[in-house]
Amino acid sequence: DDVLNACRVNLLIDNNDITGAPIVVEHNPNYYNLNGYIEYKMEMGVLATDFMMIKPGALHRANGGFLIIQASEILKSYFAWDSLKKVIRYKKVKIENIAEHYGMHIYATGIKPQPIDINVKVILIGEPYFYQLLYMFDDEFKKLFKVKADFMTSLSGTDHMIREYVRFITCKSKDEKMLPFKKSAVSRIITHASRLVSHKNKLTARFQVIADLMREAYYWAQTEGLSLVDSEHVQKAIDEKVYRSNMIEEKIQELIDENTLIIELDGPQIGQINGISVIELGDYAFGRPSRITVRTFMGKGDIVNIDREVEMSGKIHSKGVLILSGYLGERFAHNKPLALSASICFEQLYEEVEGDSASSAELYCLLSSLAGFPLRQDIAVTGSVDQRGIIQPVGGINEKIEGFYEVCEKKGLTGKQGVLIPESNVKHLMLNQKVINAVNENKFHIYPVKTVGEGLKVLTGRDVGEMGPDGTYPEGSLFDDVDKTLSRYADLAKTYAGSTE
């Protein structure tokens, strides 16, 4: 038997049936699965092995071709990552026990196979932050992995790409033996693909999400005993996914309905406006309106962000508030000092405030308080602002509009309610059908604006006025009222300073 065993051949890899270079995807890239291993058997109380018990790893199977590994998986195993770098550097793979590899003695009768020359291209797949971390903290990584390829999460919505999307839907339904999808169903899927990236002219590249949507739509069509999947089944799948994820949104809506969370939609108010934030819960996001209030009084030019003072304001939000000082200085401080103080607060908000998408709403509130002129409460506001008064685009625009619409619908649509958005966000509008219908029927309105002046015109019905060469504004304009208040503050501050000397 020993003689016969010595004459046997242990064929590690057989690529006879492969045409072209081998492509190996290793889903569990631990040390032994990559480099191979030696099996042992117990003989007379001693572990023993022979050359027939040598087993190959993924590197052997991919020799002469490509090895694909998830970065998140291999980085969980230090031994695997370290050995992979050695293989790439020296172009040799050696089958050995981890303990022996790191100098530990194993009490067993073993063998030591010679290293095998290897020529393999290793492809790591993962999130961008894995690449950034490795590039910064692993000096060998940047020497061994020199080619980086970024993949877009969205595709251009050209006619060609839409045809490719239709082809994907058709092939996927055939491969998984689903019912055929009608044109209306395909159209609804493509519309939802644009919704997922919040852009009219782009489509999501997350095809797994689209495939899941197709499977669920097929399920609903199948339960009805139909032979085709219609747009109603696609919409049903979308609605059911929302229903499974929106419990927190419903709870917040309940608090608004019972007036525990106060959202005022009737009557104008001075120094108060409805802003909208987005709450993200993994794969689901929704908009939540919040009252923003501002109070102004004589002071030293300070704008106090109450949320920042109690450490509930993020850096970006605090930056947005500080920008307001620059805007006020540019508009009203050419011929006098800014002798005001202001306090800004998100009412009934008990978590950290982050982002600058409410900076335009805060500025409208601030100017309203200074002018003593009320703002409409039936219009919510989103959009960031720069020091020149240009309204800049924000994220989550669809969720914000839909979130405020839900509140208006529950409290009763008046035909005057709406949302003020940056004009540059119009291309991102991919609203649900309920909001689209309400807009088409003039029950709800969307107001795109470019500047603070345009926004104030919608919120107050008044022109802000253009600044003259002497730094003043036309009599009766909104900014003239603001300017008069600031002039009064400046005069009072000067008088007060003189009286205390």
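Colleague: Which residue in strand 16 is the bridge partner of Asn-274?
Modeller: In this predicted model, Asn-274 has Ala-380 as its bridge partner in strand 16. Strand 12 and strand 16 (residues 379-381) run parallel and are joined by 2 bridges.

Colleague: How many bridges join strand 12 to strand 13, and do they run parallel or antiparallel?
Modeller: Strand 12 (residues 272-281) and strand 13 (residues 284-298) run antiparallel, with 10 bridges between them. Within that pairing, Gly-275 is partnered by Ser-290 of strand 13.

Colleague: What about the hairpin of those strands: which residue takes a positive phi?
Modeller: That residue is Gly-282, with phi near 70 degrees; the hairpin has 2 residues between the strands.

Colleague: Turning to pockets, what volume does the largest pocket have?
Modeller: Its volume is about 1,700 Å³. The lining comprises 49 residues, and those nearest the centre are Arg-195, Val-242, Tyr-284, Ala-285 and Glu-402. Elements that give two or more residues to this lining include strand 12, strand 13 and helix 17 (397-411).

Colleague: Which element gives the most to that lining?
Modeller: Helix 12 does, with 8 residues. By class, the lining of the largest pocket has 18 nonpolar, 14 polar and 17 charged residues.

Colleague: And the second largest pocket: how many residues line it?
Modeller: There are 30 lining residues, with Ile-123, Leu-124, Val-147, Lys-148 and Ala-149 nearest the centre. The second largest pocket has a volume of about 1,100 Å³.

Colleague: Where does the largest share of its lining come from?
Modeller: Strand 9 supplies that share, 5 residues. The lining of the second largest pocket divides into 20 nonpolar, 3 polar and 7 charged residues.

Terms used
Residues are numbered from 1 along each chain as its sequence is written. This is a predicted model: local features need pLDDT of at least 70, side-chain atom pairs count only at pLDDT 80 or more; totals for chains, interfaces and linings use all residues. Side-chain values use heavy atoms; hydrogens and water are left out. Two strands pair if DSSP finds at least two bridges between them. Helices (H or I, at least four residues) and strands (E, at least two) are DSSP runs, numbered from the N terminus. On a 1 Å grid over the protein atoms alone, a cavity is a set of points where a 1.4 Å probe fits but cannot get out, and a pocket is an open set with protein on both sides within 12 Å along at least five of seven lines; lining residues have an atom within 4 Å of a point. Grid points are joined across faces, edges and corners, and a volume is the space filled by probe spheres set on the points. Ala, Val, Leu, Ile, Met, Phe, Trp, Tyr, Cys and Pro count as nonpolar, Asp, Glu, Lys and Arg as charged, and the others, Gly among them, as polar.
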